[in-house]
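Here is a short tour of a few spots worth a look on your screen. Please have the sequence and the 3D view open as you read.

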Protein chains: 2
Amino acid sequence: MDLLITYDVETTTPEGQARLRRVAKICEGYGHRVQKSVFEVVCREVDKIRLVAALHAAIDAKRDSVRIYHLGRHALDDVEHLGRPRETDPRGPLVI
Amino acid sequence: MDLLITYDVETTTPEGQARLRRVAKICEGYGHRVQKSVFEVVCREVDKIRLVAALHAAIDAKRDSVRIYHLGRHALDDVEHLGRPRETDPRGPLVI
């Protein structure tokens with residue numbers, strides 16, 4: 001399945017900055033970073049369940065927000081991009 | 001058509017901060033903000049063309065990045081959300 005993960009983590013405190021690093025680190029284990037807080041993930045259902053559980057445990061639900069979009073089969077191959085290039089193959093190997 | 005717009009604008013300079021405000025303002029005219037740099041947009045093809053042109057003109061292509069995802073018909077109704085609620089109806093009226 002193809003997912004897009006976007007997040008806002010409140011970073012006004014050292015705890016928030018640590019949560020932000022943790023959320024990014026979790027996403028890096030599953031997908032490709034395309035912007036500061038945006039990851040493209042191609043994975044199996046079982047991996048998605050693990051990913052969501054890890055994100056759920058990492059955030060402060062009162063302060064942070066994570067959104068997981070379920071994309072159609074070809075959405076990741078059909079992204080319009082403006083500006084600074086950040087070309088990655090969403091189906092390529094992960095560099096962790 | 002249903003779109004997801006995500007952006008990174010380099011804000012290390014006053015010019016960058018102005019570009020960030022401009023990009024957000026443009027997106028507010030077309031869709032619903034769901035995170036700091038993420039907008040859900042339900043629009044016609046002609047509006048999308050205008051939106052992309054406006055974003056193209058607003059950013060510094062060497063420093064900023066905008067991504068436009070073309071979502072399937074029901075993707076916006078099937079978003080998993082963790083944490084701080086930011087519930088909006090992506091098909092509801094725009095508040096500008």
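A polar contact here is a pair of N or O atoms within 3.5 Å, where, within protein, one must be able to donate a hydrogen and the other to accept it. By that rule, the side chains of R67(B) and H81(A) are joined by a polar contact of 3.0 Å. Keep in mind that this is a predicted model.

**Around R67(B)**
- You will find R67(B) in strand β4 of chain B, which covers residues 65–71.
- R67(B) counts as buried because its relative accessible area, 6%, falls under 20%.
- Within chain B, the side chain of R67(B) also makes a polar contact of 3.0 Å with the side chain of Y69(B).

**Around K48(A)**
- K48(A) sits in helix α2 of chain A, residues 45–58.
- With a relative accessible area of 8%, K48(A) is buried too.
- Leaving aside residues up to four places away in sequence, K48(A) touches M1(A), L3(A), C43(A), H70(A) and E80(B).
- One of these, L3(A), is 45 residues apart from K48(A) along the chain, with 8.6 Å between their C-alpha atoms.
- The side chains of K48(A) and E80(B) form a polar contact of 2.4 Å.

**The largest pocket**
- The largest pocket has a volume of about 500 Å³.
- Its lining has 21 residues, and those closest to the centre are K36(A), S37(A), D8(B), K36(B) and S37(B).
- Two or more lining residues come from each of β1 (2–8), α1 (14–28) and β2 (31–35) in chain A, and from β1 (2–8) and β2 (31–35) in chain B.
- By type, the lining residues of the largest pocket are nine nonpolar, six polar and six charged.

Technical notes: Residues are numbered from 1 along each chain as its sequence is written. Chains are lettered from A and ligands numbered from 1 in the order in which they are written. This is a predicted model: local features need pLDDT of at least 70, side-chain atom pairs count only at pLDDT 80 or more; totals for chains, interfaces and linings use all residues. Side-chain values use heavy atoms; hydrogens and water are left out. Helices (H or I, at least four residues) and strands (E, at least two) are DSSP runs, numbered from the N terminus. Buried means under 20% relative accessible area, exposed over 50%, partly exposed in between (1.4 Å probe, protein chains only). On a 1 Å grid over the protein atoms alone, a cavity is a set of points where a 1.4 Å probe fits but cannot get out, and a pocket is an open set with protein on both sides within 12 Å along at least five of seven lines; lining residues have an atom within 4 Å of a point. Grid points are joined across faces, edges and corners, and a volume is the space filled by probe spheres set on the points. Ala, Val, Leu, Ile, Met, Phe, Trp, Tyr, Cys and Pro count as nonpolar, Asp, Glu, Lys and Arg as charged, and the others, Gly among them, as polar. Contact means heavy atoms within 4.5 Å.
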